[in-house]
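Hi everyone, thanks for making time. Let me put the structure up on the screen, and then we can walk through it together.

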Amino acid sequence: MDDRIRQRIEEIKQRGVNINVGDIFSKSWEIFSGIALYAILAIVITFAISFMINFFLGLIISAPTMVINDSSDLNEVFAEASSPLAWVSNIVSIVVAAALAPITVSILTMAKKFNKHQNPDFSDLFVHYKDGKFGVIFTTYLAVQFLGFIGILLCIVPGFIFYVTSILAIPFVLFTSFTTTEAIKSSVSILFKNFGSAFVFCLACFGVAILGVLACGVGLLVAMPLIYIATYVLYETVIGTEDNEQSEIDQIGTDIYKDNPYMK
């Protein structure tokens, strides 16, 4: 399978690929409608665990005050934000997010199952802690954050370009046996070739997130899963996962047939 994908990557690097963002989000909404409960649950679980950890961390490391009355207050805020404890807090938060990433990216896995006519279930939320993918998801998440941050420090533009072109790194490690390095290189190489479409996709994701925030914040419970699903659909559009699709004969006896009276 990986050989086919590498061949596909080379084809895209030479010829490019057609990406219709409207079609991607239309398909994403269709998939979300089928896995909404589990997708929202993944976001809620991740947020709850992250909130508790950061809350206890905040009891140890106080956040800088945001009340600024004069330049001396501004200097104090800057000093606190640049302190070793603040850096430790930020690093711990990123590591926690990386450790919880297998739950959020399970949305992509469930989206694939639904798209391949299989029914996701609750256990899919934690499947990447058991299937050997945790390590590569963890390192890929950290690598993308670290490299993007370095790029931001280099006059912002390199970091912006990297973040836009690395959005397929996680799907690569989920749906192939690629290493972190190979996944990031593959994502950057093909999306840099199609940077305009990748940028429009990211812009659309940002717009969806803004709408979620405007909906009293509760809309993020829909917006965030939709963005993850859109990332899967983008990967499916660009690379495809048809090699993993079961034949109709193989699907007999799986959950998708249980409610079909003609298959009983």
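I'll go through some helix packing, then a surface patch, and then the salt bridges. One thing to keep in mind throughout is that this is a predicted model.

Let's begin with helix α7, which covers residues 157–165. How do α7 and helix α9 pack? Their angle is about 100°, and their axes are 8 Å apart. Angles from 65 to 115 degrees count as roughly perpendicular, and α7 and α9 therefore fall in that class. If you want to pick out the contact on your screens, α7 brings Ile161, Phe162, Val164 and Thr165. From α9, which runs over residues 180–193, we have Ile184, Ser187, Val188, Leu191 and Phe192. Sorted by class, that contact has 7 nonpolar residues and 2 polar ones, with no charged residues.

Now let's turn to the packing of α7 with helix α10, residues 195–214. Here the angle is about 85° and the axes are 9 Å apart, so α7 and α10 are also roughly perpendicular to each other. On the α7 side you'll find Phe160, Ile161, Val164 and Thr165. They meet Phe195, Ala198, Phe199 and Cys202 of α10. The class count for this contact is 7 nonpolar, 1 polar and no charged residues.

Next, the surface. Which helix gives the largest share of the nonpolar patch? That is helix α6, residues 134–153, with 6 residues. The patch has an area of about 820 Å², and its members include Phe146, Leu147, Phe149 and Ile150.

Finally, the charged pairs. The model has 7 salt bridges by count. One to look at joins the side chains of Glu182 and Arg6, at 2.7 Å from N to O. Glu182 is in α9 while Arg6 is in helix α1, residues 2–15, so this pair ties together parts that are 176 residues apart in sequence.

That's my tour, and I'm happy to take questions.

Methods
Residues numbered from 1 in each chain as written. Predicted model: local features only at pLDDT ≥ 70, side-chain atom pairs only at ≥ 80, totals over all residues. Heavy atoms only, no water. Axes fitted to C-alpha atoms, helices over the stretch in contact; angles between N-to-C directions. Helix = DSSP H or I, 4+ residues; strand = E, 2+ residues; numbered from the N terminus. Parallel < 35°, antiparallel > 145°, perpendicular 65-115°, else oblique. Contact = heavy atoms within 4.5 Å. Nonpolar A, V, L, I, M, F, W, Y, C, P; charged D, E, K, R; others polar. Patch = residues over 30% accessible without salt bridge, like charges linked within 9 Å, V, L, I, M, F, W, Y side chains within 5 Å. Areas by Shrake-Rupley, 256 points an atom, 1.4 Å probe, with all protein chains shown as cover. Salt bridge = Lys/Arg side-chain N within 4 Å of Asp/Glu carboxyl O.
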